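Welcome! Let's take a short walk through some of the backbone details of this protein.

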Amino acid sequence: MKHKIDVVVMGGGVAGLSAAYHIKKKYPNSQVVVYEKSGEWGGLCGGFYVDSPRGKFWFDIAPHLSFASDKYVQDFFQNSSKPYRHIPDPENYYQNIWLKHPVQNNLYALPADTKVKVIKDMLQNSNKKENIKNFAEWLKVQYGNFFAENFPFAYTRKYWTAEAEDLSVNPVFVGPRFYIPNTEEILFGAMSEDTPVTYYAKEMRYPKEGQYRSFFKDLMEGIEITYNKEVIEIDPKNKEIICQDGTKTQYNKLVSTLPLPLMANLIVDAPQHIKEQASNLHATSVALVSFGFGSADIPKNLWFYVYDEDKLFARVHSPSCKSPSNAPDGCSSLQAEIYFSKLKPLESMIGEQKDIPNYLISHVKEKFVEMGICKSSDIVCEDFRIWPFGNVIFTHGMEESREVVLNFVESKDILTCGRFGEWDYLWSDQSFLSGMKVAERIKGL
């Protein structure tokens, strides 16, 4: 049976909920419905519970923390859920050594010969600053060859699933996340561990109760969400969407937060050249290995990075450090992220292993013990799952392909927002604003 809705928003993550909320606020008499393919709201900012003999552990999908600078977003998040305020204290693991973050101005714990190589290369850097063509060249210009090759090159392969030379120098990608120390900072950080915090955010916020997604739970007020509604076809000419359950819905306006490459294949009669451009848009997927521990003192930091390539996980964070309510009393937790993509398939990382979940759980467990993080006996629950879209990968030519596909989607009178709808490197606060801006563009309801 067909029915017509004023606005359908595809996707119940922060961008989709923000779009629906602000459209409803602008047009209070309109019917705005969010179609969410899963049974939960939150999208990438959601999470899951894992049972244990000690009680339930909550794990976000990767280490979400808010450092929103926009006052409207800050106020909205805080009014939705009162936050803990964390001062960033990440560490880095490199060849059995723990280093403060960022490494480039915290070389103190490295062996003397390694420090000499890094500092000499940094201070005698002869890489040309003009006509930088790729991320590898950019890194060498900032940090010298030795540091670039041993640290960010390795991490890029693990986190972005690509060689640094295969990535662009889009300022959104390379800009605010990389600290560029001066000579004094480099030298002082090599001689002392008493260095200031130079992380790009001075404060990170996380809800005291209700997990990360509770920061935007107030978006749920007054909007309608239909769960288990996966859109499998869009007919823009007849303004109709078809869902996997066989239902058809006619709409007046359509907003999408779905990954842009998927949209090129959902729209009826999308030309082949649009699908080809969409195939140039790459994103990481993330395999999450989550552990709950029977004692409260396992995690030493909110999160840390791992450079060693024999350890498949690139980053590890602690949900229980973000908020004690994420773990039962007297317990703690860690979650490891293993990234893969079409550019670096998971199979290329694990060989011919058939039981992927157990293999990767065992791998992370073994490496955690080896790194001195925990003992196997500390673990009271474990979980494995894959999230299909993690981050947009800034390959060469991505922006041009993105523009072609976005223009095509918008030519069909479909508005897009969010990290994957816009196909950009957006944090949760930026995705919130992205949804709000879509509401501003909708006219005539």
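Where does P102 lie? You will find P102 in the loop that runs between β7 (97-100) and α3 (112-123). Keep in mind that this is a predicted model.

The peptide bond leading from H101 into P102 is cis, and its omega is near -5 degrees.

## A hairpin to look for

Next, find strand β10 (residues 231-235) and strand β11 (residues 240-243), which pair in the antiparallel sense over 4 bridges. Within this pairing, I234 has I241 in β11 as its bridge partner.

The two strands β10 and β11 form a hairpin, with 4 residues between them. In that turn sits K239, whose phi is positive at about 50 degrees.

## Two loop residues with positive phi

Now turn to Q211, in the loop between β8 (204-207) and β9 (224-227). Q211 is not a glycine, yet its phi is positive, about 70 degrees. Is Q211 buried or exposed? With a relative accessible area of 10%, Q211 is buried, because buried means under 20%.

Then move along to N228, in the loop between β9 and β10. Here too the residue is not a glycine, and N228 has a positive phi of about 55 degrees. Its relative accessibility is 53%, so N228 counts as exposed, the cut-off being over 50%.

Definitions and conventions
Residues are numbered from 1 along each chain as its sequence is written. This is a predicted model: local features need pLDDT of at least 70, side-chain atom pairs count only at pLDDT 80 or more; totals for chains, interfaces and linings use all residues. Side-chain values use heavy atoms; hydrogens and water are left out. Two strands pair if DSSP finds at least two bridges between them. Buried means under 20% relative accessible area, exposed over 50%, partly exposed in between (1.4 Å probe, protein chains only).
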